Amino acid sequence: MAVCARLCGVGPSRGCRRRQHRRGPAEAAAADSEPDTDPEEERIEAGAALAGSGPGPSVPRCSLLELPPELLVEIFASLPGTDLPSLAQVCTKFRRILHTDTIWRRRCREVWLRPEQKGQRFRLGSDGGGDLEKGSREYGVCENLRKLEITGVSCRDVYAKRINPRVKSGRFMKILPDYEHMEYRDVYTCLLHRYRHILGLWQPDIGPYGGLLNVVVDGLFIIGWMYLPPHDPHVDDPMRFKPLFRIHLMERKSATVECMYGHKGPHHGHIQIVKKDEFSTKCNQTDHHRMSGGRQEEFRTWLREEWGRTLEDIFHEHMQELILMKFIYTSQYDNCLTYRRIYLPPSHPDDLIKPGLFKGTYGSHGLEIVMLSFHGRRARGTKITGDPNIPAGQQTVEVDLRHRIQLPEAENLHNFNELSRVVLEVREQVRQEQQRQQEGAQEDSQDPAPPAGEPPAKEAAAGPAEGPAEGHQEPEGGSGAAAQQPTESGQPFVLPVGVSSRNEDYPRACRMCFYGTGLIAGHGFTSPERTPGVFILFDDDRFGFIWLELKSFSLYSRVKATFQNADAPSPQAFDEMLKNIQSLTS
C-alpha cells in the first residue's frame, strides 16, 4: 500500500500534495525530514539508486498524478467498473477524471461475466461485439445518447407500437427518457450494473404451462422478451416474441421499471430479486391489462395472438376446452410472475446433433418448446413449456443411443404392426439388460472379492451373450453417441397407417432411428408412465418421435433464435438446473 501511495504521490509516506499546500513552510519541512522506515520502499529506492549510478542516464521518477489527463482516461477506462468508485476516493483529480463520459461509455460496452464464469475465455469480433465464448455477454450499448431522439430507442422497441395500434405515437414518445441530459455513468451505475443479475434465460412460473423469457440489453433498455412458439402446426416457422417488461432511466440516477403487458402501452411495474437465479415482477397498474369489451374481447384478442385464429375456426371440441382453460389459468398471472434461471445445454463433439431448444407438436395442446440435451449414452427432451397433462420441467422423451432401430423395409413402412413388433422386441431386450445389471450389482454387494488373478465367478459361468433382436442394430465401434455417425444419404421414411400427426409436411427421409420412451399422463399429471417409442433423426435441425401407445407422431424443429448469456457455466450446473425445474412440477 505504501508503494502504491508513493507511486501516486499521495499517502502518509510523502504526504498528500494538497495537504502540503495547506501546511506552513515549517510543517512541510518537518514532514519531509521524517525518516522513511518502510523496508519495501527502501529496497526499491536502493535499486533505483544503483540503476542511476550506472553508466546510463538516470530515469526520472513519475507518479500517476503527473500523467496527462488523456492518458489517465485510457488507463481508467480499462479497469473494471466495480473498481472505479474506490479509485474516485484517492484524490480530487482522479474523481474529476472519472466523470469523463468516455470511461463509462466503454464500461457500458464491456463484456460481462457471471461470477462463476470469471476467468473463462472470450474474444470480441471485428465489430467490437459478438463472437463471445462460454456464456459471456456484452452489455451492447452502442447508441449515441445525443442522437437517440432522432434514431429512436432501439431496433425492437417499435414492437410495442406495432402490435398495439391503440397506442398513439405521441403518447408513446412522451414517456421516453430525456437522453440529451443523460450520462453514460448514470446508465452504467443505475441501470446496467444494478440489474446485471437478471440478464439471461428464464422460465416463468405459470403452473404447468411454463414459458421462455430472455432478458437482454436492447439499446439503452433492459427488456424481458417472452418467446412463443409459432402458430400451430407450422413448426418450421420462426419463434414469436413480445416484451413483458423493460427497465430504463426515466430521470437521472433513477431506474424505472415498466410493465409491457396489456394493450394500453407501458405502465409502472416493479422487479424484486428474490434470491440467486430467481426474481419476480409485479404490475402496479393492472387496469392497463383490461380491455373495454370485457373478458370476451380479451379472450378473442389473446386467441388471435396465441393461436392465430378465432374460436370458430377450431372445430375440435377438446381443443376448444384446452384453449379456454389455458386462457383462464394464465390470466391469473398477469400481475405477478416469478422467474427461475435456465441454461442452454452444453455441447460435446461426440453428440449426435447439436443440443438446444426445439419446437414440437403435441396434438391438441399445440406447439411446445423442448430442450434436447445429451447425457452420455442417453438423450433427453425436457419441456420448457408444458400443458395440463405433462407440465413444463418434465422429461417428455428419453432416447437410448445404445439401441438403434432398423425401420422395416419399404413395402412394410406403412404397416404399424410391423413397426410395433420391432420396437417391442427392443424394449424386451432393454428390460433383460437392466435385469442382468441389477442382479450383477446385487451379487457384487454380497459375494466376497475373488483371489488375485482369478476371474469373477459370474464371468466364468456366463454363457454367450444374447444376440440383438430382429430389426435392431448395435452400433459398431462403441455404444455411445460418438459411435453413431449420421449418414447424409438416409433412408426412406413414411408414417405408418393409423399414426396421427399435426403436421403432414414432415421429411420423407431420415438418417437413423433409436429406441426411446415417451412420458404420458392424465389431466393434472396423474398416473404418469413411460411408454415405448421411436426417435427419428431427420437432419441436424429436425427430429421426430412416434408414440406407440398413443399412435401419434411429434415433429420437432430447432429454435434458431440467439439467446444471450444463456450457456451453462458447467455441466454440473446444467444437471442441477434440470433437477430443480423438474422437482417444481413433480
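Helix packing and backbone exceptions

Biologist: At what angle do helix 8 and helix 12 pack, and how many Å apart are their axes?

Modeller: The model is predicted, so local features need pLDDT of at least 70 and side-chain atom pairs count only at pLDDT 80 or more, while totals for chains, interfaces and linings use all residues. Residues are numbered from 1 along each chain as its sequence is written, and side-chain values use heavy atoms, with hydrogens and water left out. Helices (H or I, at least four residues) and strands (E, at least two) are DSSP runs, numbered from the N terminus; axes are lines fitted to C-alpha atoms, for helices over the stretch in contact, and angles run from 0 to 180 degrees between N-to-C directions. Helix 8 (residues 101-108) and helix 12 (residues 184-192) pack at about 40°, with their axes 7 Å apart.

Biologist: Which residues of helix 8 make the contact with helix 12?

Modeller: Contact means heavy atoms within 4.5 Å. On helix 12, the contact residues include Tyr-184, Tyr-188 and Leu-192. On helix 8 they are Asp-101, Trp-104, Arg-105, Arg-107 and Cys-108.

Biologist: Where do the buried residues of helix 14 fall, seen down its axis?

Modeller: Buried means under 20% relative accessible area, exposed over 50%, partly exposed in between (1.4 Å probe, protein chains only). In helix 14, Met-319, Leu-322, Ile-323, Phe-327, Thr-330 and Ser-331 are buried. Taking the directions from the helix axis to the C-beta atoms, these residues fall within an arc of 155°, so they line one face of the helix.

Biologist: What is included in the cover of the buried residues of helix 14?

Modeller: Helix 14 covers residues 317-331. Its buried residues have a cover that includes helix 13 (294-307).

Biologist: Which peptide bond is cis?

Modeller: Most residues other than glycine have a negative phi, and most peptide bonds are trans. Pro-233 lies in the loop between strand 5 (221-228) and strand 6 (240-251). With omega near 5°, the cis bond is the one from Asp-232 to Pro-233.

Biologist: Is Phe-525, with its positive phi, buried or exposed?

Modeller: Phe-525 is not a glycine, yet its phi is about 55°. The residue sits in the loop between strand 19 (512-522) and strand 20 (526-539). At a relative accessible area of 17%, Phe-525 is buried.

Biologist: What relative accessibility does Lys-551 have?

Modeller: Lys-551 is in the loop between strand 21 (542-547) and strand 22 (552-558), and its phi is positive, near 50°. Lys-551 counts as partly exposed, at 39%.

Terms used
Expected span 1.5 Å × (residues − 1).
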